[in-house]
Amino acid sequence: MLKGAVPLRELHRLRDLLATDSGEAAYEIRFEQDEHRRALIHGSIRAELVVECQRCLGPLTVPVAAELSLVAVQGIGEARELEEMLEPLLVEQGLCQPLDLIEEELLLALPLIPLHAQGTCQPPPYRQEGETAKGVAQIPADEKRTNPFSALAEYKIPTKH
Ligand SMILES: [Zn+2]
């Protein structure tokens, strides 16, 4: 039984997707052998991942509670023979990297486009300006000119041709 917590900043693929990497992922992993002498891996992973909301660009906490149920296989052929319930885990040279497992599960748990619940946040003003379809027409032209973010908006989101 492996039990512990891994700092998120040590999970390099995951870290790049987070707004802050200061948290930890707690895990519990059990190894067993089934009747076919295959290694089964059961476990759970708990973490709170903070990503950037794609609407307001503010921090958004994604709670993750993932359950693992894997069987270690030595090759694709062996993976094909598995019962449907079991997810194969390809093991190289009999070694399994628990950290990779944990990172993989956390990556899977992340939403593709993280957003706060509908109606609970607003795009920041400079975003609205760059967009043509949503609400831009409501911003008076003079207000637009004095917006301190307008230079940034033009730099980040080129809309005019
Ligand atoms: Zn938001």
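Among contacts between residues at least 6 apart in sequence, what percentage join residues at least 24 apart? In this predicted model, the figure is 50%. The protein has 161 residues, of which 14% count as buried. Its secondary structure comprises 6 helices and 5 strands, and from the N terminus the elements follow the order β-α-β-β-β-α-β-α-α-α-α.

The mean pLDDT is 78, and 67% of the residues reach 70 or more. Over residues 133–139 the pLDDT is below 50, and this stretch has 8 contacts in the model beyond near neighbours in sequence. Residues 149–155 likewise have pLDDT under 50, with 8 contacts beyond four places in sequence. Where pLDDT is low, the predicted coordinates should not be read in detail, so the description below leaves both stretches aside.

Strand β1, covering residues 2–7, is joined to strand β2, residues 24–33, by 6 bridges, and the two run antiparallel. Within this pairing, Leu2 has Ile29 of β2 as its bridge partner, while Lys3 stands opposite Glu28 of β2. How many of the 6 residues of β1 are buried? The number is 0, so β1 lies largely in the open.

Strand β2 also pairs with β3, again in the antiparallel sense, here over 9 bridges. Ile29, the partner of Leu2, stands opposite Gly43 in β3. Together β2 and β3 form a hairpin with 5 residues between them, and Arg37 in the turn has a positive phi of about 60°. A positive phi is found again at Leu57, where the value is near 65°. Most residues other than glycine have a negative phi. Leu57 belongs to the loop between β3 and β4 and is partly exposed, since 14 other C-beta atoms lie within 10 Å.

Gly23 sits in the loop between α1 (12–15) and β2. With 16 other C-beta atoms within 10 Å, Gly23 is partly exposed. Leaving aside neighbours within four places in sequence, its contacts are Leu8, Ala47 and Glu48. The C-alpha atom of Gly23 is also separated by 8.6 Å from that of Val50, although the two residues are 27 apart along the chain.

Attention now moves to the interior. In soluble globular proteins, nonpolar side chains tend to be buried together. Here the largest nonpolar core has 15 residues, and those with the most contacts inside it are Leu8, Leu14, Ala25, Ile45, Ala47, Ile102 and Leu106. At least two residues of this core come from each of β2, β3 (39–52), β4 (59–73) and α3 (98–109). The largest share, 4 residues, is supplied by β3. Two of the residues named above, Leu8 and Ala47, are also in contact with Gly23.

Which residues of α3 are buried? They are Ile102, Glu103, Glu105 and Leu106. These four cover an arc of only 160° around the axis, which places them on the same side of α3. An α-helix has 3.6 residues a turn, so residues three or four places apart point the same way. The face turned away from the buried side carries the exposed residues Asp100 and Leu108.

The buried residues of α3 pack against β1, α1, β2, β3 and β4. Ile102 gives a detailed example: not counting residues up to four places away in sequence, Ile102 touches Val6, Ala25, Tyr27 and Ile45. Among these partners, Ala25 and Ile45 are named with Ile102 for their contacts inside the core.

Is Val62 buried or partly exposed? With 15 other C-beta atoms within 10 Å, Val62 is partly exposed. Its contacts, not counting residues up to four places away in sequence, are Leu49, Val51, Leu110, Pro111 and Pro114. One of these, Leu110, is 48 residues from Val62 along the chain, and the two C-alpha atoms are separated by 7.3 Å.

Conventions
Residues numbered from 1 in each chain as written. Predicted model: local features only at pLDDT ≥ 70, side-chain atom pairs only at ≥ 80, totals over all residues. Buried ≥ 20, exposed ≤ 12 C-beta atoms within 10 Å, placed from the backbone. Contact = placed C-beta atoms within 7 Å. Pairing = 2+ DSSP bridges. Core = buried A, V, L, I, M, F, W, Y, C linked by C-beta atoms within 7 Å. Arc of directions from axis to C-beta. pLDDT = per-residue confidence, 0-100.
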